Amino acid sequence: MLKVLGAALVVVASGMIGLTISREYQQRPGQLRDLQAALQLLDTEIGYASTPLPDAVVKVGKCVGPPVAGLFSEVAQLLRTRKGYTATEAWQEALKKLQLNSALRPADLEILFTFGHTLGGTNKEEQRKSIQLAYQQLKQQQGQAEEERARNETLWRYAGFLVGMLLVILIY
Amino acid sequence: MSIGLFTSSSQTIRSVKAKIFLSRFQEQVLSMLAPEIRQLVGQLPERVVDELEEIRLRQSRPLILRVGQHDLGLLPDGRLSPDLERSYRVSAEDMHKTLQLLSNSSVYALEEEFRNGYITVRGGHRIGLVGRVVMDKGRIKTLKHIAGLNFRIARQVIGAADPVMPFLLSPGEARPYHTLIISPPQCGKTTLLRDIIRQMSNGVPRLNFPGVNVAVVDERSEIAGCYEGVPQHDVGIRTDVLDNCPKAEGMVMVIRSMSPQIIATDEIGRAQDVSAIEDILSAGITLVTTVHGRSLAELEQRPALRSLLGQRIFERYVILSRRRGAGTVEAVIDAKSLKTLSG
């Protein structure tokens with residue numbers, strides 16, 4: 001009886017790990033897409049409307065889904081409440097949080113990190129250039145992420161359970 | 001006994017005022033400086049902050065404070081020193097961060113201000129900028145690589161106009177006199193004008209003056225120190241400010257839009273100003289304005305002004321100097337008889 005319970009636990013646990021990995025593959029392209037949409041909104045706010053950054057990030061935060069929305073609303077909050085914070089510092093702080101609750105890879109975050117260096121600190125043309133650059137890089141990452149998703153999402157959904165069962169058989 | 005009481009209470013008022021200024025300084029000016037410089041300037045004793053006029057940041061060069069009439073360096077350990085070479089050196093990083101902070105992280109939204117060469121921030125403080133100019137079709141488009149910043153700390157002197165007010169209000173008439181303040185730069189011309197505006201707008205009970213609508217055409221955001229359109233200095237309860245507006249056009253515009261009894265503006269002197277002034281006079285509005293100069297005789301040399309003075313438009317001239325500190329009133333002159341009324 002105890003053995004059966006243990007075996008079930010092993011299968012369920014490794015199955016869950018597999019599902020988590022599979023979910024990351026599934027979510028990453030969507031989050032990259034959200035980031036691109038957010039950057040395009042930011043481009044409009046900065047390039048055409050000259051909206052001050054604290055207001056612009058609030059607007060962007062309202063227009064995209066989580067967790068990308070959280071990145072922008074976090075920046076907005078830091079800029080509003082912490083006197084003497086530059087946009088770059090606020091952006092990097094907010095990125096740390098995004099890293100914890102998103103499916104993004106280090107390479108994706110690196111693009112955002114670099115983008116943060118110029119955020120708010122240069123003139124309009126240079127702002128737009130750096131937004132465009134980050135946008136293009138994220139688009140490339142997204143293509144890659146879609147491919148990986150097609151290859152791995154279904155695989156990992158079942159692989160966890162299968163490995164679990166294999167373990168159970170081996171242990172018996 | 002009564003004298004003792006009086007001095008002690010006025011000292012209290014003074015120290016309360018200084019406290020208010022200090023806390024506003026911390027909120028409005030310190031928060032815009034890069035962290036390293038903020039920390040150094042934040043350590044300055046109260047009496048130094050009280051006399052602080054300018055903070056100058058020049059990239060790769062020493063940080064310089066203008067305190068009263070002196071240039072002082074700020075050593076890396078926070079002490080003040082007249083030896084400027086030993087002062088804290090401003091890094092490129094400091095410049096970049098300061099620029100981000102003072103633009104509210106939106107350097108891109110300040111192209112207009114860069115073109116003008118200064119930014120007016122909350123509190124009416126003005127920050128002058130220099131750097132590399134970017135041209136577009138033969139005109140200045142914006143500044144790039146900002147390498148020099150000058151924080152000019154704004155201080156309103158409530159009551160600065162007290163000594164001259166009795167001469168500017170005509171007894172028995174609702175309309176104050178057309179007034180021209182004549183002053184060399186840095187003598188408190190704008191400070192005096194601001195307080196005249198405030199008093200005329202609020203009314204002066206001790207002179208039985210009830211207060212009238214005043215329109216200010218503030219071409220360089222110096223009089224009212226507007227931030228996002230809202231005056232940061234006290235310019236009175238009946239005062240409307242047209243901020244950042246060319247004087248000649250602005251004066252004609254406010255006559256129609258706000259029906260003021262008084263129009264105030266700073267630094268007239270160009271030919272187009274003169275024709276706008278004629279419009280004001282024909283509408284029965286009082287003009288209060290300023291001009292750069294040391295004396296009436298000097299103004300007569302300048303063609304545009306000569307015609308203004310020749311037409312006897314103004315009724316009062318107020319002449320300022322720095323003889324006993326900024327804002328020394330040399331004389332108030334009746335323009336009709338050219339008699340000196342005070343000074």
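1. Helices (H or I, at least four residues) and strands (E, at least two) are DSSP runs, numbered from the N terminus. By this numbering, Pro67(A) lies in the loop between helix 2 and helix 3 (68–81) of chain A. The peptide bond between Pro66(A) and Pro67(A) is cis, with omega about 0°.

2. The model is predicted: local features need pLDDT of at least 70, side-chain atom pairs count only at pLDDT 80 or more, and totals for chains, interfaces and linings use all residues. Residues are numbered from 1 along each chain as its sequence is written, chains are lettered from A and ligands numbered from 1 in the order in which they are written, and side-chain values use heavy atoms, with hydrogens and water left out.

3. Ser50(A) sits in the loop between helix 1 and helix 2 of chain A.

4. The axes of helix 1 (residues 2–47) of chain A and helix 2 (residues 53–63) of chain A come within 9 Å and cross at roughly 145°. Axes are lines fitted to C-alpha atoms, for helices over the stretch in contact, and angles run from 0 to 180 degrees between N-to-C directions. Contact (heavy atoms within 4.5 Å) brings Ala38(A), Leu41(A), Leu42(A), Glu45(A) and Ile46(A) of helix 1 against Leu53(A), Ala56(A), Val57(A), Lys59(A), Val60(A) and Cys63(A) of helix 2. By class, this contact has nine nonpolar, no polar and two charged residues (Ala, Val, Leu, Ile, Met, Phe, Trp, Tyr, Cys and Pro count as nonpolar, Asp, Glu, Lys and Arg as charged, and the others, Gly among them, as polar).

5. Helix 4 (residues 87–100) of chain A and helix 5 (residues 106–118) of chain A pack at about 165°, with axes 8 Å apart. Helix 4 of chain A is therefore roughly antiparallel to helix 5 of chain A (angles over 145 degrees count as roughly antiparallel, under 35 as roughly parallel, 65 to 115 as roughly perpendicular and the rest as oblique). Their crossing is right-handed. Residues of helix 4 in the contact include Trp91(A), Leu95(A) and Leu98(A), and those of helix 5 include Leu109(A), Phe113(A) and Gly116(A). The contact of helix 4 with helix 5 of chain A divides into seven nonpolar, five polar and no charged residues.

6. Helix 1 of chain A also packs on helix 5 of chain A, at about 15° and with axes 12 Å apart. These two helices are therefore roughly parallel to each other, and their crossing is left-handed. Arg28(A), Leu32(A), Leu35(A), Leu39(A) and Leu42(A) of helix 1 meet Asp108(A), Leu112(A) and Phe115(A) of helix 5. The classes here are six nonpolar, no polar and two charged.

7. Over all chains there are 27 salt bridges (a side-chain nitrogen of Lys or Arg within 4 Å of a carboxyl oxygen of Asp or Glu). One of them joins Arg128(A) and Asp43(A) at 3.0 Å, N to O. This pair links helix 6 (residues 124–171) of chain A to helix 1 of chain A, 85 residues apart.

8. At the interface, 24 residues of chain A contact 16 residues of chain B. The buried area is about 1,600 Å², with 51% from carbon and sulfur atoms (the accessible area, 1.4 Å probe, that two parts lose on being put together, summed over both). One salt bridge is counted between chain A and chain B; Lys97(B) and Glu89(A) meet in a salt bridge at 3.4 Å, N to O.

Terms used. Left-handed = near helix turned anticlockwise from the far one by under 90°.
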